[in-house]
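Dear colleague,

Please find below the structure that I am handing over to you. My notes on what was found in it follow directly after.

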Amino acid sequence: MAARSCLAIVLAAGEGTRMRSARPKVLHEVAGRSLLAHVLTAIAGIEPSATAVVIGSGQDDVAAEAGRALPHAICFVQRERRGTAHAVLAARAAIERGADDILVIYGDTPLIRPATLQLLRAPLAKGAALAVMGFRPTDPSGYGRLVTKNGRLLRIVEHADAVPQERAIDLCNAGAMAFDGNGALAILERIGNRNRKSEFYLTDAVEIARGMNKTVVAVEVEEDDVRGINSKKELAEAEAVAQQRLRRAALDAGVTLVAPETVFLSADTTFGKDVVVEPYVVFGANVSVGDGAVIRAFSHLAGAAVGKGASVGPFARLRPGTRLGDGARIGNFVEIKEAKIEAGAKANHLSYIGDAVVGAGANIGAGTITCNYDGYAKHHTAIGENAFIGSNSALVAPVAIGAGAYVGSGSVITADVPADALALGRGRQVVKEGWASRLRALKSIGRKKAHAGD
Ligand code: UD1
Ligand code: CA
């Protein structure tokens, strides 16, 4: 049998007032990735024939995020927020183009997985007109309830509209539905807005389809696959689930996490073989760690590529644009930003290296700072292979230190240093023999006079 074509529609309009945030709800992040990008990544996993994202008017940032996460997605604008069924109909043009399955997924359910979506589609291939994803949350308040009789799904009642007996139902609407493409529009167009919020509820599709003598089924899944996010509390709960999954996947892939529960990962963190991550490490978005690298305790990495066998931390900070070559060593209290540290180079203590290239084998002494910013623009520092930068040096960019050159400790380097040269940029030391004993003698006379005056 030929595979059924699928149109996925993601509902992502609205501000999400209960998040108490100026940011659109679906742009909040779980594991370093927006809720919307999580949903679109799961959708990509089922290879739909088309994907529509419904956004609110003026939500260009949501459209941009959709484009980044799934370039083939087409955005439709829901001019006013008038409910989930109204939102689906904003993508009418996509529905009219036709598909065997029409999958509707709420943009605020970031934990959904491709396998869960496939589970929902399965009944359509067997003749169902509508499949609804259900789950039994620990706390059902706020969710729509699935009203069943003799195991058959009759209708969905929203929490706000439910009477006490209905609120007692623990089987809830997960926020994903699959329609058979033939007849989906006929159902959607019949949905009205006679409810407490005067919204067009997608959930009414169940009762309408049943009234049309169509087969409607519920597909029950795990809570952690479909948690919906309406508040910061729910966002934090989803984050915890996402972290559990990512840690588990890293362990399964052979990463040594000494204390997994203290390591925070991003959805896109990648690890090579035989990587060790010590306790209390945070991986922000876009980090890759090469084979055999060690990330020591209390380090923070984001937008960084760590080469094979490199060592980072303890207490290191790698900011976006950091590229560490194989075997590079970044030690405690070192911050790196937008800089390439080539193979075997070392910055072991208390440094800031920004907008720079550090050649292979170079040694950056403790306390070295690249002065990359003049208050207006960022400037570049180039350090040649095997150069040696003495401790506590300030390299005032733009500046270049040649290969193999030495910079004396405590130097302020404002001009280029040729290869193999020594540069000293500090005051010459002055020694005054006997000065300290003369001072002490002078002070003790003063003290005797003071006592005499008591
Ligand atoms: C919805 C369901 C509820 C279900 C829960 C699962 C309805 C009426 N209710 O409730 O049964 O248990 O999700 O998490 O469907 N959206 C739009 N345009 C709109 C309204 C919503 O695009 O006009 C989008 C939102 O951005 C959101 C999604 O649809 O991503 C769901 O809307 P939301 O307001 O979060 O619905 P819930 O009250 O959570
Ligand atoms: Ca929701």
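Predicted model: local features only at pLDDT ≥ 70, side-chain atom pairs only at ≥ 80, totals over all residues.

Does D225 count as buried or exposed? At 10% relative accessibility, D225 counts as buried, where buried means under 20% relative accessible area, exposed over 50%, and partly exposed in between (1.4 Å probe, protein chains only).

Residues are numbered from 1 along each chain as its sequence is written, chains are lettered from A and ligands numbered from 1 in the order in which they are written, and side-chain values use heavy atoms, with hydrogens and water left out.

Domains and their interface

The chain is divided into domain 1 (6-226) and domain 2 (232-423), with bounds that come from an automatic or database domain assignment. The contact (heavy atoms within 4.5 Å) takes 15 residues from domain 1 and 14 residues from domain 2. Between them the two domains bury about 1200 Å², 58% of it on carbon and sulfur atoms; buried area is the accessible area (1.4 Å probe) that two parts lose on being put together, summed over both. On the side of domain 1, M19, A31 and L111 lose the most area to domain 2, together 41% of what that side buries.

Across this interface the rule finds one salt bridge, that is, a side-chain nitrogen of Lys or Arg within 4 Å of a carboxyl oxygen of Asp or Glu. β2 (29-30), α1 and α9 each supply at least two residues of the side of domain 1 that touches domain 2; helices (H or I, at least four residues) and strands (E, at least two) are DSSP runs, numbered from the N terminus. Eight of the ten residues of helix α1 (residues 35-44) are buried, so α1 is largely enclosed by the rest of the structure.

Salt bridges

A search of the whole structure finds 21 salt bridges. D225 takes part in a salt bridge with R245, where the closest N and O atoms are 2.8 Å apart. D225 also forms a salt bridge with R113, at 3.1 Å between the closest N and O atoms. R113 lies in the loop between β6 and α5 and D225 in helix α9, so this pair ties together parts that are 112 residues apart in sequence. R113 is partly exposed, at 38% relative accessibility.

E189 and R92 form a further salt bridge, the closest N and O atoms being 2.7 Å apart. E189 belongs to helix α7 (residues 184-189) and R92 to helix α4 (residues 92-96), 97 residues apart. Both residues are partly exposed, E189 with a relative accessible area of 45% and R92 at 29%.

Calcium site

The calcium ion (ligand 2) has D108 (OD) and N230 (OD1) as its protein donors, lying 2.2 to 2.4 Å from it. Donors are N, O and S atoms within 2.8 Å of the metal (3.2 Å for Na, K and Ca); water is not among the atoms, so sites may look incomplete. D108 is buried, with a relative accessible area of 12%, whereas N230 is partly exposed at 27%.

A buried loop residue

A345 lies in the loop between β23 (329-341) and β24 (346-358) and is buried, with a relative accessible area of 0%. Not counting residues up to four places away in sequence, A345 touches A328, R329, V358, G359, G361 and A362.

With kind regards
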